[in-house]
Every structure is written in structure tokens, then in C-alpha cells.
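I opened this notebook page to record what I looked up around the ligand, in the helix packing and along the backbone. The entries follow in that order.

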Amino acid sequence: MQNFDVVVMGAGAAGLFCAGVAGQLGLKVLVIDHSDKVAEKIRISGGGRCNFTNLDTSAANFLGNNPNFCRSALSSYTPRHFTDLLQRHGIAFHEKHKGQLFCDRSSEDIIQMLLAECDAGGVTRWQPCSLKNIVFSASSPHAEGIGSYEIESDRGTIRCAAVVIATGGLSIPKIGATDLGYRIARQFGLRLIEPRPALVPLTFDGEAWAPYAALAGLSLPVQIETGSKKAKISFLEDLLFTHRGLSGPAVLQISSYWQAGTPIRINLAPGTEVLQALMRAKASSRKLIANELAQLVPSRLADAWVQAGASAGHDWQRPINEASDKALAALAERLTRWELTPTGTEAYKKAEVTAGGVDTRDLSSQTMESKQPGLYFIGEVVDVTGWLGGYNFQWAWASAYACAQGL
Ligand code: FDA
């Protein structure tokens, strides 16, 4: 039997950061991960350069049943705290756009920094190591403390006062994602918000998608929205057509809010007065409608749009001066308010994150401790999900820091 103050399950972003801070506060910390590698998601993130935070982070960039839960942790550990840490380690970074910070060199810089912070805190790491069982024994009324945990692992049994669950979500199972965090939450009677893939491409029924499949690879800026009038959410980002549906930042963002069976609406020419432009062209041009449309949107899209319209019975394959006002109005409406209902998502195989998770009603927003004394949850396993753009790592750092201070 080995004794530690804290066992952190998961050597990912949140787990390693929490372990380093706790170790440097004087706690004896063990990190366990079933993978032989650390922080695989950091490695592959941001195209290999890790979009490690966003300068404009606020609670408004997160989803969860309680949108205020993340406030306290985010305000105690801000993007500036993290960039100060990077600067102390001499890691160069830059802002790409919309406050998103990336490493100049590689994600590996962040991983090495987290490992160096763990070393500075004397953190022990067991990898690969699998957990077999975890039990809690309450102290006798006369003993000190709330009790202790006994963790049975394939490297032996450990006793500790606190356990931090940082096992992440279900996205990308092939690099080590499991449901361990949710199982432990259930074991100790904590509530779960049903996990679901988020920041994920959306798919459409094969036959209905056929007219657009030829657009695969085309990317353009759009305005995208979902939800009812009362609870509408919208993003202005790039959209990417794929063979099976839609992807790109616009679609990943909206996917986190999309409810199965409901439509999304897309303006494929945001900032352009499409109808006015078509009416002006009608008065002065004899070109085909598709050619005039190609002045407003990419020509591949203009061609596909007119063709798809024709198969739906619209009279759009003629010179624009011969088109009726009604036909042009219908074309403009369809281009700027394209309403379509996804049949599904590309699921955990392609999702960047998992929405839902451990119910924040059962966690302290100050320390991330659960109702089960000495059991903490941090990072993506919690029902706090960030937008695309560095927010999920900022949540990992902030929740880990709050937890380490509370241990
Ligand atoms: P994380 O997933 O990082 O770590 C969990 C750890 O637990 C892993 O090491 C895993 O092996 C371990 N584990 C799981 N099950 C276990 C078990 N049964 N036993 C032991 N160990 C177990 N975010 C962002 O802000 N900016 C970005 O650029 C990107 N880019 C990005 C790209 C891609 C392709 C993906 C999939 C995701 C992103 N993200 C992102 C999201 C980001 O990677 C994610 O939110 C954080 O890594 C979450 O950190 P955690 O520490 O909570 O989990």
C-alpha cells in the first residue's frame, strides 16, 4: 500500500496542470493514466500548435445546465495567468484571430511545460496504469479528516485523502477517451447530464444531400443560427462543405447548441443585399442568373445553387433579365435563409469535445469538490463546454487551478 495526499486520474490538460500546482503547494501527488503517452489531445490540438486559450474568455463562451458555474474558476485563473506561465517557460505564442492564442512552434511546448511544472512539484506519474476499483472509507468520529480513498490499480493499491477525476470526455476514443469519470461519478451517487458530441460536423440524409455533395471542400464565411426566436444562438464564421454534410468553425460552433430533429439556418452571403444586387443585375444584364450570382458567392456555390433550385422546381436556369421578380426573391431568400435539418453528427469519432457530464449541481464552483467529500472533478468531464477557439483549454486550466487551491 502506498500513500499519497492526492491521486489525479488522467494525465491530460486539466490533470497535469492540477497535479503541478498541487505538488508545488506541498502536496504529495500521484497522476495515473491508462495511456503510455501524456496529453494526446494537447498534442493534436490546434493543428499541432494548440489553441491553448482565448484572450476574450468569459462565462458567455460556455454551455452547461448552469451557465454561471464556470464564472468563479474563470475569474480566478485567467488567460493572462496562463500566458504569464508560458512566458516564464520561454514559450513563444501568437494571436491568430478573435483572441485565439496558439504556440509559434508546437503543442509539444505546452506538454513539456506541464511536465516541468509537475517535476517542480515532485509529482509521481504512473503510466500506463489502469484503475481497477476505488472505495471510500469514512473516518471514525474520533479520527482526523473526512476519511480516505483506497484505489486498486494494476500497479498496486494506493491510499489517499483526495481523488481528482480529470479523465476528460468521450471524444476521439482511439486516443484514449473513456467513460471512467462518469462511472466514478455514478458510483458515488453524483448526477450526470447526458453526454453528447459537441463541436462536431453535422451530417444530412444521403439523397437530400446529393445536390450539395459536389461542393465538398468549398469553404466560405456564413452566418449560422439555431434555436427558437426566444433562445436563438448565432455565429459568423467559416463553413465547410463535406461529402456527408457540413463542417468548419461555423458548423462546429452551432453543433454544440443544435438539438436533434430541429433545423439550422444559414445565410450564405452575410453582409450582402442579395435581392437588391440581383434586381440591379436584372435591369442591366443578360447573363445567366448563375453568372450574376457568382459575383456574390463562390461560382461553384452559385452553379450548385441554381441547379439544386431547378430540381426543386425553381426557374433559375435562364438569363437574369428574363427572370421574374418572384423567382429572384425566392433565390435570395433561399441563399440567405437556407433552412435545413441535420440527420445527425459525425459523433465522438470526430467531435472535438463532449458536452454534458458531471452535473454542476453536485460540485462546488469554488473548488470543484463534489458532494462526495474528497472527490473532485475538473476539465471536460464536468458539464461545462466551451466554444471553439481555446475556451476548452482555458476551462481545463481554470478548473484545475481552482481544484488545486482547494485540495
Ligand atoms: P483530456 O482529454 O485532455 O485528458 C484526459 C486524460 O484522461 C487522457 O490523458 C486520457 O488518456 C485519460 N483517461 C481517460 N480515460 C482513462 C481511464 N479509464 N483511466 C486512466 N486514464 C484515463 N480545445 C481548445 O481549447 N483548443 C484547441 O485547439 C482544441 N483542439 C482540439 C482538437 C481536437 C482534435 C480535439 C479532440 C480536441 C480539441 N480541443 C481543443 C479540446 C481539448 O483538447 C479538451 O477540451 C481538453 O483536452 C480537455 O482536457 P481534460 O484534461 O479534461 O481531458
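Entry 1, the ligand shell. I began with the surroundings of the ligand in this predicted model. I found 29 residues around the ligand, and those that come nearest are Ala14, Asp33, Thr178, Glu380 and Phe393. I then sorted the shell by residue class: eleven of its residues are nonpolar, 14 are polar and four are charged.

I asked which helices each supply at least two residues of the shell around the ligand. They are helix 1 (13–24), helix 2 (40–44) and helix 14 (391–406). The largest share comes from helix 14, with three residues.

I looked up individual atom pairs next. For Glu380, I noted a polar side-chain atom 2.8 Å from an oxygen atom of the ligand. For Asn51, a polar backbone atom is 2.9 Å from a nitrogen atom of the ligand. For Gly46, a backbone N or O atom lies 3.3 Å from an oxygen atom of the ligand. I also recorded the cover: on its own the ligand has 1,000 Å² of accessible area, and the protein covers 92% of this.

I noted the crossing of helix 1 past helix 5 as left-handed.

I asked where the cis peptide bond with omega near -10 degrees is placed. This bond runs from Gln127 to Pro128. I located Pro128 in the loop between strand 7 (124–126) and strand 8 (131–138). I also noted Ile172, a residue other than glycine with a positive phi, near 55 degrees. Ile172 is found in the loop that lies between strand 10 (156–165) and helix 6 (180–187).

Technical notes
Residues numbered from 1 in each chain as written. Predicted model: local features only at pLDDT ≥ 70, side-chain atom pairs only at ≥ 80, totals over all residues. Heavy atoms only, no water. Near = heavy atom within 4 Å. Polar contact = N/O pair within 3.5 Å; in protein donor to acceptor, adjacent residues only side chain to side chain. Areas by Shrake-Rupley, 256 points an atom, 1.4 Å probe, with all protein chains shown as cover. Helix = DSSP H or I, 4+ residues; strand = E, 2+ residues; numbered from the N terminus. Nonpolar A, V, L, I, M, F, W, Y, C, P; charged D, E, K, R; others polar. Left-handed = near helix turned anticlockwise from the far one by under 90°.
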